[in-house]
Structures are given as C-alpha cells and as structure tokens.
Amino acid sequence: STLLLNVPPDKRGLVNEHDLAALKGWRMLIDDAFRFNRARNTKVTASEFRGGDSTYAPEKTVDGNKDTYWTTNDETTQANLEIDLGEMREVRFVILQEYIRLGQRVKAFTVESWQRGSWKLLTEATTIGYKRILRVDPVSTQKLRINITDSKACPVISNVEVY
C-alpha cells in the first residue's frame with residue numbers, strides 16, 4: 001500500500017519546516033534501524049529444498065539477489081529455514097519476502113529464536129507477500145528459525161533480512 005504522510009504544502013507551496021524536520025528525523029531513525037543486515041551471506045539450512053538442487057538452496061534467501069529463492073518440493077506446504085548469525089546478535093526486525101513473480105503463497109508462519117538450548121517464539125503472522133517487516137521484542141540470539149506453517153503451494157522465499 002501507499003504510505004500516506006499527510007504533509008501538505010503550505011501557502012508558499014512548500015512543506016512546513018517543522019514537518020520537514022520531523023520527516024528528516026524519521027528518515028534518520030529508519031536508516032539507523034536498518035543499517036546492517038545481520039543475515040546477509042550467513043549460514044542457512046532448511047527442512048528441505050527442491051530436489052536437492054542448489055538453484056533452490058536455502059542460502060538463496062540471504063544472497064542479496066532478488067532473482068533467486070529457496071523453495072521446497074511441490075507437495076510441501078510446511079517447511080522451515082534456520083539462519084545462523086555466527087555469533088550472538090541483538091535482533092529487533094526480521095524482513096521476509098516471497099518471490100512474488102510466482103505468486104503469494106504463504107498463509108501462516110512463525111519466527112523463533114534460539115534461547116538457552118531451545119526455540120522460543122518471537123512472533124507469528126499470516127501472509128508474507130512482496131515484503132513483510134516484523135518488529136519483534138529485542139532479543140539476543142545466534143540463530144533464528146522461520147517456520148512456514150501453512151501455504152497455498154510450496155513456499156518460495158527470496159529474501160530474509162535481520163536487523
């Protein structure tokens with residue numbers, strides 16, 4: 001959807017200086033929060049990937065290439081990805097994207113963090129679509145797991161980012 005900022009021009013035809021300062025401050029907050037993708041080129045494993053073919057391997061979700069993706073075999077509608085961040089990291093946001101050229105498929109999913117030897121639920125949600133930005137309570141973890149719990153067809157995930 002479109003982001004409606006509701007910042008109309010004033011009688012001069014310009015954005016008010018106070019509104020402009022607030023927008024610039026907001027931009028700085030966004031830039032700071034999303035400065036470094038902790039998942040880029042990390043180790044990723046999956047419950048399965050299509051035919052064991054590296055074209056559809058789980059690491060395609062963290063390669064930074066919008067034209068690659070991880071997918072499962074056709075009959076699989078529940079699967080998971082595990083991202084190893086390599087060391088303990090604070091996590092505040094998780095971004096997921098489906099390879100939308102093949103349609104929106106995911107109907108439900110969860111995100112978990114590895115805490116003291118077991119998986120703990122961070123959040124659960126429904127659709128992913130083109131891009132889903134999930135804000136989670138800050139947690140320090142080395143591993144995250146994305147569980148696709150329901151999908152219209154085999155999931156096709158093109159991107160996972162962690163901030």
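Which side chain meets Glu87 in a salt bridge? Select Glu87 and Arg89 to see the answer: their side chains meet in a salt bridge (a side-chain nitrogen of Lys or Arg within 4 Å of a carboxyl oxygen of Asp or Glu), with 3.2 Å from N to O.

Before moving on, keep in mind that this is a predicted model, where local features need pLDDT of at least 70, side-chain atom pairs count only at pLDDT 80 or more, and totals for chains, interfaces and linings use all residues. Residues are numbered from 1 along each chain as its sequence is written, and side-chain values use heavy atoms, with hydrogens and water left out.

Stay with this pair a moment. Glu87 is partly exposed at 43% relative accessibility, and Arg89 is partly exposed at 22% (buried means under 20% relative accessible area, exposed over 50%, partly exposed in between, with a 1.4 Å probe and protein chains only).

Next, select Glu112 and Arg145. Their side chains form a salt bridge of 2.7 Å, N to O. Glu112 sits in strand β4 (residues 106–115) and Arg145 in strand β6, so the bridge ties together parts 33 residues apart in sequence. Strands here are DSSP runs of E, at least two residues, numbered from the N terminus. Glu112 is buried at 13%, and Arg145 is buried at 19%.

Now pick Lys143 and Glu82, whose closest N and O atoms are 3.9 Å apart in another salt bridge. Lys143 belongs to strand β6 (residues 132–151) and Glu82 to strand β3 (residues 79–98), 61 residues apart. Glu82 is partly exposed, at 22%.

Finally, select Asp10, Arg12 and Glu17, which a network of salt bridges links. Across the whole structure, a search finds 11 salt bridges.

Notes. Helices (H or I, at least four residues) and strands (E, at least two) are DSSP runs, numbered from the N terminus.
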